[in-house]
Structures are given as structure tokens and as C-alpha cells.
Amino acid sequence: MNLLSLPFLLLSLLPSSFALSYHCADFSSLPVLEATGQTYTDYGVIKPYEDILASRGTNLARIRVWTAGDYNLTASLALAKRAVRAGMEVYVDLHFSDSWADPGKQYIPAAWPTNLTGLIPTIHNYTRDLVTAFAEQGTPITFIAIGNEINSGILWPVGEISVSGFTPLSQLLHSAATGVRAALSPPPKIMIHLANGWDWGGVSWWYNGTLDASIAGGLTLADIDTMGFSFYPFYGTTATLENLKESMGNVSTLYHKDFMVVETDWPANCTGTALSEPTVPISIQGQETWVSDIRNVLLEVDSISPVAKALGICYWEPGWIGNAALGSSCADNLLVTPTGAMRMSMDMFWEDM
């Protein structure tokens with residue numbers, strides 16, 4: 001037996017209630033790292049990183065797309081080809097920006113209009129053409145997030161909630177969703193991605209605002225297939241598993257939409273930072289424990305939901321050597337060593353998701 005096939009065999013023998021459908025990794029930085037000469041090894045053998053991930057059970061590649069820069073459409077299409085060749089499906093995370101977009105920054109691309117009248121057709125055509133481009137090269141998108149961690153809105157200041165209220169944001173998101181569905185039939189699954197999935201107050205505030213039926217041409221529940229959430233342990237001690245369970249339970253009960261944790265990670269090395277689940281060890285083994293705990297929460301919610309399904313977990317940038325903190329104050333959240341060798345926690349994709 002090929003030992004690399006063993007994880008897949010074992011996963012197939014587990015009861016269906018044990019595993020989620022999608023075992024996901026975001027490895028968007030891979031081409032940038034490879035351009036510097038970075039390589040990855042599996043038991044001492046240099047291999048394509050996507051093949052190493054796939055051999056551990058990763059079946060969904062999360063690929064961020066900027067409107068310019070290192071993660072533009074051309075680069076993202078090339079990475080999608082590699083992911084599909086390795087046996088993965090594709091999940092595209094649109095930033096609607098020339099650079100990083102998150103709750104603290106969501107800036108209009110330099111080449112785009114700067115008013116709502118111009119942005120509504122622009123975002124529609126952009127999403128339509130992007131979905132078409134992925135499909136035409138033989139790498140159709142399974143999930144597409146229309147915005148990355150859009151708690152504060154998109155395309156600031158036009159779609160910034162604190163400046164313009166919910167109406168422009170809701171209309172822009174509806175236009176983006178319409179563009180996705182205009183490209184293909186059946187279309188990719190459209191996702192809304194919010195940060196702080198554990199915070200039900202923030203989640204419900206956002207959805208109450210954007211789904212307001214009085215907004216003409218605004219976002220509706222029919223526009224949404226999947227609700228995605230970030231869940232990190234670094235940014236506040238209230239980001240607990242118990243709070244995540246409450247929030248996801250409310251999401252599934254009220255909205256009847258499938259849900260995922262689409263960004264998370266856990267430190268192998270961290271000092272001086274209060275983590276939200278202090279009983280989980282800061283270690284390589286702790287990385288697996290954290291992810292398996294999230295899986296158990298999602299499956300518990302799934303078991304009591306008559307309609308909504310827990311779909312999967314995505315580990316954010318497990319191999320980003322040179323950026324091991326991954327935006328946190330912890331020293332190392334990677335699933336690889338500084339030289340690119342796989343850690344045992346890489347097995348989380350088939351063992352713990």
C-alpha cells in the first residue's frame with residue numbers, strides 16, 4: 001500500500017458523523033514564497049506543497065484574490081490549476097481591493113469608480129467575469145466569498161457601514177451575488193464571510209442591517225448559500241468554543257444556511273498572549289486539539305439543525321514561512337518548520353476536520 005494513501009483510507013472508514021465535508025487550507029502565499037526559493041519537504045523529500053496538503057486530506061483550496069498585486073486574478077488562476085491538479089476543489093476569497101481587506105480596511109481599487117452608481121455595475125461585472133475565467137480554464141469555483149471579513153462593509157467609504165449605513169453595502173453585495181449567478185448555471189456557492197464568528201451580537205447586528213427588506217435592490221437570504229466565519233483565539237478571551245457554539249447555533253436556526261469556519265489557526269509557540277481557550281496546549285499537538293474542538297462544536301450544532309449543515313474548517317496559511325505569526329502576537333502558528341518540513345500537526349486535515 002502507498003503510505004500516502006493511508007490518511008484517505010482511514011478517513012473513509014470513519015463514521016460520517018466524525019468528519020466534516022471540507023478540509024481546507026488557504027495557501028495563497030505559495031507562489032510568492034516559491035519566487036524566493038522556498039521549498040517544502042515531506043519526510044525529507046521535496047514535493048509541491050499542494051501535493052503535501054492533499055496527501056494529508058486537504059480537499060479544498062482557499063485562494064484570495066486581489067484586484068491588483070501579488071494575489072491578482074492571473075496569479076490566482078495559476079494557483080487554482082495546481083490545487084485542482086492535486087485533487088482539491090476551489091474556494092475563492094474576493095477582497096474587492098488592490099491589497100488586504102479586513103474589518104479595518106476595505107479600500108476601493110484604484111481603477112474602479114468611487115461612487116455607488118458606478119460601483120454597482122462594476123462589482124457585478126467583476127464577479128461575473130472572474131467566475132467565468134475560473135470555469136473556462138477548467139477550475140470551476142465551488143465556493144466564492146463576496147468580500148473578506150466584511151463586518152465593517154466593503155469598498156470604503158461608499159460601502160462603509162459607519163459612514164454610509166447599511167444600504168450601499170447591501171446593494172453592492174446583491175450586485176456581486178447577481179454577477180456570480182450570471183456567469184454559470186449552476187453557479188458557485190455564494191458565501192458571506194464575517195470575522196469573529198463567536199460574537200453572536202456582532203453577527204446578528206450585521207445580518208439584521210444588510211438583510212433589511214426595506215433596502216431596494218439589497219442583499220437577501222436568497223443571495224446567500226453559505227455563511228463563513230473567522231474564529232481566532234488571539235484577539236480576545238471571549239472567542240471561546242462555547243460562544244462559537246451559541247453563535248453558530250443561532251445562525252443555523254435563524255437563517256437556515258450552511259456554515260463554515262473559514263479562517264483559524266493555533267500557535268505552536270506563543271508567549272505573553274492570553275488565548276481564548278487556555279486549556280488547549282500551546283504546541284504542535286495543541287494545533288490539532290484546537291481544530292478538532294472546532295470540528296466537534298460545528299458537528300454538535302449540525303446535529304440539532306434540521307436544515308443548515310456544518311461544511312468544514314479552513315486553516316489559514318499553514319505554510320507561510322517568514323510570516324509565522326500570521327497576523328497574531330504569537331511567534332509561530334504554522335504547520336511547517338522554518339525550513340519547510342511538515343510538522344505532525346499537518347495531519348489535522350484528515351484527523352481533526
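Start by selecting His 256, which is partly exposed with a relative accessible area of 42% (buried means under 20%, exposed over 50% and partly exposed in between, using a 1.4 Å probe and protein chains only). Its phi is positive, about 55°, although it is not a glycine. You'll find His 256 in the loop between H9 and E11; helices (H or I, at least four residues) and strands (E, at least two) are DSSP runs, numbered from the N terminus.

A word on what is on screen: this is a predicted model, in which local features need pLDDT of at least 70 and side-chain atom pairs count only at pLDDT 80 or more, while totals for chains, interfaces and linings use all residues. Residues are numbered from 1 along each chain as its sequence is written, and side-chain values use heavy atoms, with hydrogens and water left out.

Now jump to Phe 96, in the loop between E5 and H5. Phe 96 also has a positive phi, about 50°, without being a glycine. Buried or exposed? Phe 96 counts as buried, at 1% relative accessibility.

Next, colour the strands. In the order E1-E4-E5-E6-E9-E10-E11-E12, 8 strands close into a barrel with parallel pairing (two strands pair if DSSP finds at least two bridges between them). From one strand to the next, the twist averages 25°. Zoom in on E11 and E12, which pair in the parallel sense over 4 bridges. Click Met 260 there, and its bridge partner in E12 is Gly 312.

H5 (residues 116-136) lies across strands E4 (60-65), E5 (89-94) and E6 (141-146), running at about 155° to E5. Axes are lines fitted to C-alpha atoms, for helices over the stretch in contact, and angles run from 0 to 180 degrees between N-to-C directions; contact means heavy atoms within 4.5 Å. H9 (residues 241-255) lies across E10 (226-230) and E11, at about 165° to E10.

Then show H7 (residues 166-183) with H8 (residues 200-210): they pack at about 80°, axes 9 Å apart. H7 and H8 are therefore roughly perpendicular to each other (65 to 115 degrees gets that label, under 35 is roughly parallel, over 145 roughly antiparallel and the rest oblique).

Two prolines come next. The Trp 156 to Pro 157 peptide bond is cis, omega near 0°, and Pro 157 sits in the loop between E7 (153-154) and E8 (159-160). Another cis peptide bond joins Ser 185 and Pro 186, with Pro 186 in the loop between H7 and E9 (189-194).

Finish with the cysteines. How many disulfides does the structure hold? There are 2, a disulfide being a pair of cysteine sulfur atoms within 2.5 Å. In one, the sulfurs of Cys 24 and Cys 314 are 2.3 Å apart. Cys 24 lies in E1 (residues 22-26) and Cys 314 in E12 (residues 310-316), so the pair ties together parts 290 residues apart in sequence. A disulfide also joins Cys 270 to Cys 330, S to S 2.0 Å. Its S-S torsion is about -60°, so this link is left-handed. Cys 270 and Cys 330 are both buried.
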